Amino acid sequence: MSSKDRILARIRRAVPEPGPGSAPEPAISRDYLPVHGTRAPAETVDLLAANLTEYRAKVHRVDEGGLAMLLMRLLAERGARTVLVPPGLPPYWLSAADPTRIHDRAASTARELEGVDSVVTGCALAIAETGTIVLDGGPDQGRRRITLIPDHHICVVRVPGQVVDSVPQALPRLDPSRPLTWISGPSATSDIELDRVEGVHGPRTLEVVLLGAQ
Amino acid sequence: MTRTHLGMPGFPAVPPFPAFPLAAHEAVGDPVLRANLRHATHTIRDKRARAVAELADWDALRTAGKEIKDHTLRHLDRYLLELEASVTAAGGTVHWAADAAEANRIVTELVLATGEREVVKVKSMATQEIGLNEALEAAGIAAYETDLAELIVQLGHDRPSHILVPAIHRNRAEIRDIFASEMGSWGRPAPDDLGDDPRELAEAARLHLREKFLRAKVAVSGANFMVAETGTLVVLESEGNGRMCLTLPETLISVVGIEKVIPSFRDLEVFLQTLPRSSTAERMNPYTTMWTGLGPSQGADGDGPAAFHLVLLDNGRTDTLADEVGRQALRCIRCSACLNVCPVYERAGGHAYGSVYPGPIGAILSPQLRGTGSEIDASLPYASTLCGACYEVCPVAIDIPEVLVHLRERVAQGGPVTRDGIRVRIRPAHGHAAERAAMRAARLLLDRPGALRAGERLLSRARRLRPRRLPGPGRAWTDSRELPELPAQPFRDWWAARERGRDHEQDGGRQS
């Protein structure tokens, strides 16, 4: 008997299928809230900004016309000489930026990526109540490793279109067959006396740009 | 030994666990440990209460979490088969392991097949439970823990003492000393002028581990959840070491307990709200990684490993499932909220529980996964005051006190249990047989007042000969308690004399 068969047989002995005539199984009660509180779209974006800031992400707001200048400024302030670019990033986003573009290629090794100063991506969506951005490897986000190895990540969120209020609203909009990375503030640890320290292995600086009409 | 072949230090052997009362006795005598634990548990329990209070529907989320887990456990065979099909369809390979030895053998063979001799690890309770690091070392494979706390534990030749914060028992000065003296023999040494600021310590760990991440070809992880419907695995973490291990290596091996399966992707909406708030008291943990087999690209575009293996681990879980009262322990999502509120854990620390699952959940999970045959496992159901705080905070409403009492009954009276899939009847634990013998003797004596009176008077007269410790089977009782003072006269003599005195007083009163 294979281990699979052995385990399945043990489970069936432990919890036999209910026989005919037994009471129907109760449905799972899902009377929890789909969203906590009521907010206008602008308030949802404010909440996202507040929660991201509380978890030590830097939040910026800009409209389409100012985006290229803002990204140029953020990269310059950081002193970035090289910036990673996902294949589908709208070219105008970095049209004013000085750093050398490094393209996200499958062949580039983790060691090569480690030498890159910054990365700029879009996102799949953002969750206001938890202060979370979600990446799904889409063309404007690239592979998971490019938002992991460089120490500085700038993520552009289109507001209000890409913002949802809550976790229950986020999941139906995501495709589980894609690799998903949920990011809530920069890398952090509380392992030393429960003192929160930002930045262990992931980017130590996370900047979120809320892109929309101001 | 393997360490000479590898040219690196091997992992030190760790001594076996003593029984809870013995370990706790030592732990409560350590003032540094108690201060570290008290600081940490109080900090986190206050934060957790605030994070939970933010959600008006907490009770509804808790009920849903409980019901999803209970439903899954009732149909575990069906959901595991569905999971296997989904993972396989997405390009992963599923293995089934009935016990620790089988899981270790599977992982060891998978690693050896890659030609590699080192692996990086994401913090995982399941791999600690089965002793994977030790098994890999025996096969000449070095396993590097990459969670900061696990690194502290591993470099300190220590054992983890908390589910979430394994190095909770260490303060910053101790961590500095461990890093300064041990990092060099494993890889990049700590800087010469390393201080004890948490920021500096985290930076030292970052530099030390980064070289391991960048060269690692094989990673081993657990998972917080496995979604049957889609084959998606989910890991919640904070530091990014999880993302490193889950993304960069060529081969990923995940060892996951069979109880971690949930039916649908939608079910994550419950646990992604309750788990972070219960464990780290955050609205959401900094990083959550979800992957489904090898993904749509089947690993070909270099995003994530090119080979994914899922090892489904039983190791006592089906036996636990067979116990109708005890099976609720399998609902556990390893948030560790119960540890942080437990008055016993706060004083004794995690090591005293003698298992990778410490605290209240450990006191009910370990004796069920391992059986109550050993001294430590028979003692664990007693490592509690039954105050109920653990049940109050549990995000999946495990009635830990109920299971504790149920397990105490099993230890004291024996009864039917399932071990390795077979229904057996266990006998009362050794110490408890003595207790019952003592009770029988007491009944004999209490039924014969004359014999009792004579015995009591004899004892009173011999009271100055009272030993500090009882001999024979009573010794265990006096190991942790003072033997009470013996009164100068038996209670019944004292009472009779008192009544005589009152009669006399009353008579005298009437006379005057």
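The area buried between chain A and chain B is about 7,500 Å², and carbon and sulfur atoms give 56% of that. Buried area here is the accessible area, taken with a 1.4 Å probe, that two parts lose on being put together, summed over both. On the chain A side, A:Arg144, A:Asp191 and A:His201 lose the most area to chain B, together 10% of what that side buries.

Before I go on, this is a predicted model, where local features need pLDDT of at least 70 and side-chain atom pairs count only at pLDDT 80 or more, while totals for chains, interfaces and linings use all residues. Residues are numbered from 1 along each chain as its sequence is written, chains are lettered from A and ligands numbered from 1 in the order in which they are written, and side-chain values use heavy atoms, with hydrogens and water left out.

Now the contacts. With contact meaning heavy atoms within 4.5 Å, 71 residues of chain A touch 97 residues of chain B.

How many salt bridges cross the interface of chain A and chain B? The rule, a side-chain nitrogen of Lys or Arg within 4 Å of a carboxyl oxygen of Asp or Glu, finds 13. A:Arg10 forms a salt bridge with B:Asp314, and their closest N and O atoms are 3.4 Å apart.

Which element gives the largest share of the side of chain A that touches chain B? That is helix 1 of chain A, with ten residues. Helices are DSSP runs of H or I, at least four residues, and strands are runs of E, at least two, numbered from the N terminus.
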